[in-house]
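Subject: Handover of a structure for your reading

Dear colleague,

Please find below the sequence and the structure that I am handing over to you. I would be grateful if you kept them open while reading the notes that follow.

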Amino acid sequence: MHKHRDSRVGGPEVATPDRGDDDTNIERGWPLLGNVTDVDPETPIASLQNLAKTYGEIFSLSLLGKKRVFITTQKLLEEACNEKRFGKLVSAALGELRNGIHDGLFTAQNDEENWHLAHRILVPAFGPLNITSMFDDMKDARTPNTAPIASQLVLKWARYGPEYAIPTTDDFTRLTLDTLALCAMDYRFNSFYTDEMHPFINAMLGFLKGGGSRARRPGLMAPFYRAEDAQFFTDIEYMRKLGQEIVETRVQHPKEGKDLLNAMLHGKDPKTEKSLSQGTIIDNLITFLIAGHETTSGLLSFLFYYLVKHPEAYRKAQAEVDEVIGTESIQPHHVTSLPYITACLRETLRLQPTAPAFTTTPNSSDGDVLGGKYFVERGQPIVAVLPAIHRDPAVYGQDAEEFKPERMLDEEFNRLPPGAWKPFGNGARGCIGRPFAWQEAMMVTAMLLQYFNFAPQDPSYDLQIKSTLTIKPKDFFMHSTLREGWTATKIEKSLSGSIRTPTSAKGQPAATTAPKKEGAPLTVLYGSNSGTCEAFAQTVAADAGAHGFKANVQTLDSFKQGLPSKQPVVIITASYEGEPCDNAAHFYNWLQTLKDDERIESSYAVFGCGHSDWATTFHKIPNSIDTLLEQHGGSRMCARGNADAAKGDMMSAFQTWEDEILWPAVKKQYGGDDADGASDATGLGQGLTISVSSQRASKLRADVSEAKIISERVLTAPGVPEKRHIELQLPTEMTYRAGDYLAVLPLNPPETVHRVMVRFSLPWDSLLQIDGGNTTLPTEHPIGAVGLFSAYLELSQPATKRALSMLIEASKEDNTKQQLKQILEGDFEAQITEKRVSLLDLLERYPTIELPLGAFVASLMSMRVRQYSISSSPLADPRRATLTYSILEAQSLSGQGRHIGVASHYLSHLKPGDIVHVAVKPSHQAFHLPVDSNIPVLMFCAGTGLAPFRSFIQERAAQVGAGRKLAPAHLYYGCRHPDQDSLYSDELARWEKMEAVTIHYAYSQAPEQSHGYKHIDEAMRADGQLLQDLWDADARAFVCGSRDVGESVKKTCLDLAKQWAQARGKPGTDEGVSKWFDSVRNERFSTDVFA
């Protein structure tokens, strides 16, 4: 059972006035263990960030009987960094590292002599001239037959090609370890010559992780961890033995120069004339090997994550490299002339300080008082939670969570108050190797942007953290493509200074996939978040062979600096709230920023997807791409095609455009012959063949992670549409914010799968071997028929016109052909789309049609994930998330059985212990609670639209329970009846009693119990003055629900805005309030409206 947490408890039993009040928020825990269970051992910094959101600027935890104070604001850190009052404290995990590196620079206490000796001896080694002299060793080799370090990384990525999935963190770790070892002690790890990481890396990770683990467990538990402790000391032994070998090699083979190892061996303390002992040299050698590479590799990994996720920042950084360095080989003077890249690195360290915390304690034996009221005893750790401090809204504003390098340009950076940015620690105990790390990071970033274009392997990847004592991205992979004019050979010569000028540093990617001999080349590019546009792109590719072409399917971001010429280019993309899809953002940014005289010599066609309910951004991105391509000289092959999700049948609209407009235009301009068997392939499954055998197999999708069902329950009374609650235990690495989505990969209902098996006479244990065709289905080995139809294909989507044509061709009965032609040539939308008649429905309706199984499979879309708003807050439990959803099941409009919602049916049949495949998807940046707790919150919803607001209110309740003072929050919630479908009424009442929220109900079937209001717009109008007062206090407004709810709330807000304007003597015209509303959308007024 999870222990009850007291909301706010004073520290010492007696607080004397002259010592201040110990008014820190204390998280109550277990006897002996204290709050050990409140800190996730896998990602402790994430737990501390959540506790910071809950408790505010300061809180304390009892960990194994020792109280630790945690600070989370710039003001308190500024004070804790005053070296006259506070000094560094080595304790907890850092204290455990003293088992291996004793009183080295990183782990020494302030009063230990060896720290003062080493510090005075080694500071000159990191002076500007010495750091600059290391530049060539960082980049190039100076001696024959030795490979350069950064060049090894560049050449590896160049030679492996664009299909290689770069293990970003691992390769940057190889780079920084080898660089540090070569520059500081002339030792080569040669990490790039093997696939496995060097044994030192494994020993170091074991050492760091072991130190953290030992610090989190009580001493009495040691007998149960003998094996782990033995490995901890084995790792120490390996590192010290390696350090001894490096020292002895230098002693036996002296080398002139001013590197770090010589400074340690021969340097003398200018104050005492003492030298460092060999043990101390080894302590600090290991310290530098660990600290000197681990944090820098994390910095580079986080930086490239943020760059590939933020196209505008990526473009500016690469443009700066082109302008400052051009095609030259980078030199030291270039590094100081890259202000935007400098800002990118600073902003990365703001959001993800790779050493995410440091600890101080009062210098005075009487203790000290923080913030004028928080008393801390001497020896008591004060832990600076840097990710929280670096997001302090008092310094960085409401967009503190966002990556914005502009805020870190020199002028803005120099205006930051003390304590606002401390990724390198503080004062004399700050990172001694900062100049080395900074030069290396600047140089490597510039080199990589000079030679390559980058894209994430998975555009939907959301940052996950891997933690030892430092943090790095987890499972972040990239693809790299050589920029035009560069080859691996030219890069090698450029790095060695043999050449200086490739043909160009701009334009289209140099490395593209060469088409096979069959068919003329055709490129299909897509931008897709939900998978629909990708499915359309695969459809074009599958059809290409039938028209004499060989298609290359890629994301738009794969061509973010140019389009191929001399071949047709088909672009299929959507808009996401008026912005490009995740994997099209870099391409769109490139297109938008082309200069007037830059030309595109490509023939293209554009197809756009969207939803007409969002009228202001409907098809915005595809329309803009079409226009911009034409403006810059592109040749439009045919009229732009469009599909509207509001009309239901997007595939039919797409296939009509493809068959009747795209292919005739492509063949008119580029020729193209029907391939052998083309008509058969197009009509009956695009050449896909399937063989059947009788064994069972299964295959899981790889783009999601496993979560476990903890509990599930029905929220509504019998007789009303069913709504349910489900709670999931998330994978350790998966994190979320209140307001985010959980994407669920569902399975088709077993009844639907059974219908397919019966219709095609498949045994239950059939194995299907899929061969041929351009398909995303598994082709490398057989898959079970049940698995294929359950997990990989959409069986319930409305049939398309092409599917109907296929059935006509496959039918051998004239009467059946005639009936199908009447549907096809008549009101297809009314008979098929609006009634949601699927291809399976039609095959059951016309049982004499002998459609090949391959044709059926090839005509279906791949299974898509469904997104649900998460209805819980990570402050309640970061490892768990809840969903609130409606069951979609009704009589089928086609008259054939019942229409069942695929995802809701799937979720409703899950039981505790079941495994489900999920991924967290961030919501729009504006659809989150304000960072500043002094900003009021307004929420409007109906039905399951309550889901994200339950997460908001649960988060506020956790904060209020911890003693935080929050601005008001008001929820306007509509449902049928308080006794039937008023969701979470008990806990909402409890949270309202805590003053976390004020609730305004509207019961459509019991208005007498909601002050006469049937709908929330009525309650809003009655509270017009309240809403005006809250809006004037800078409130943020959120809407979640159906399209009707969204429109109703919007109309009410516009009407109220007119009244407010007129009351203040302003015109309050329709045009005026519409402009006002547009100005606050996605800033102060955010919507999450579903169809």
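This is a predicted model: local features need pLDDT of at least 70, side-chain atom pairs count only at pLDDT 80 or more; totals for chains, interfaces and linings use all residues.

In what sense, parallel or antiparallel, do strand β22 and strand β31 pair, and over how many bridges? Strand β22, residues 705-714, and strand β31, residues 915-921, are paired in the antiparallel sense, with 4 bridges. Within this pairing, Ala-707 lies opposite Val-916 of β31.

The average pLDDT of the chain is 87, and 89% of the residues score at least 70. Residues 1-21 have a pLDDT below 50, and beyond near neighbours in sequence this stretch has 42 contacts in the model. Residues 694-702 also stay under 50 in pLDDT, and the model gives them 27 contacts beyond four places in sequence.

Overall composition

The chain has 1091 residues, of which 56% are buried. Its secondary structure consists of 39 helices and 36 strands. Of the contacts between residues at least 6 apart in sequence, 76% join residues at least 24 apart.

The antiparallel sheet

The two strands of the opening question belong to an open sheet of 6 strands, in the order β27-β24-β31-β22-β23-β28, and its pairing is antiparallel. At the edges are β27 (866-869) and β28 (880-886), each of which pairs on one side only. On average, and with direction ignored, neighbouring strands of this sheet are turned by 40° against each other.

Parallel pairs towards the end of the chain numbering

Parallel pairing is found between strand β32 (residues 937-942) and β33, over 6 bridges. Here Met-939 stands opposite Leu-971 in β33. Strand β32 also pairs in the parallel sense with β35, over 5 bridges, and Cys-941 faces Cys-1040 of β35 in that pairing. Strand β35 in turn pairs with strand β36 (residues 1085-1090), again in the parallel sense, over 6 bridges. The bridge partner of Gly-1041 in β36 is Val-1089.

Why can strand β33 be called largely enclosed by the rest of the structure? The reason is that 7 of the 7 residues of β33 (residues 969-975) are buried. Both of its faces are covered: Ala-969, Leu-971, Tyr-973 and Cys-975 are buried on one side, and His-970, Tyr-972 and Gly-974 on the other. Strand β35 (residues 1036-1042) is mostly covered, with 6 of its 7 residues buried.

A helix pair and a buried threonine

Two packed helices are described by the angle between their axes and the distance between those axes. Helix α8 and helix α19 (residues 434-451) pack at an angle of about 130°, and their axes are 12 Å apart. Because of this angle, α8 is oblique to α19. The crossing of α8 past α19 is right-handed. From α8, the contact involves Phe-172, Leu-175, Thr-176, Thr-179, Leu-180 and Cys-183, and from α19 it involves Phe-436, Glu-440, Val-444 and Leu-448.

Is Thr-176 buried or exposed? Thr-176, which is located in helix α8 (residues 168-185), has a relative accessible area of 0% and is therefore buried. Leaving aside residues up to four places away in sequence, Thr-176 touches His-293, Thr-296, Ser-297, Leu-300 and Glu-440.

With kind regards

Technical notes
Residues are numbered from 1 along each chain as its sequence is written. Side-chain values use heavy atoms; hydrogens and water are left out. pLDDT is the predictor's confidence in each residue, from 0 to 100. Contact means heavy atoms within 4.5 Å. Two strands pair if DSSP finds at least two bridges between them. Axes are lines fitted to C-alpha atoms, for helices over the stretch in contact, and angles run from 0 to 180 degrees between N-to-C directions. Buried means under 20% relative accessible area, exposed over 50%, partly exposed in between (1.4 Å probe, protein chains only). Angles under 35 degrees count as roughly parallel, over 145 as roughly antiparallel, 65 to 115 as roughly perpendicular and the rest as oblique. A crossing is left-handed if the near helix is turned anticlockwise from the far one by less than a right angle, and right-handed if clockwise.
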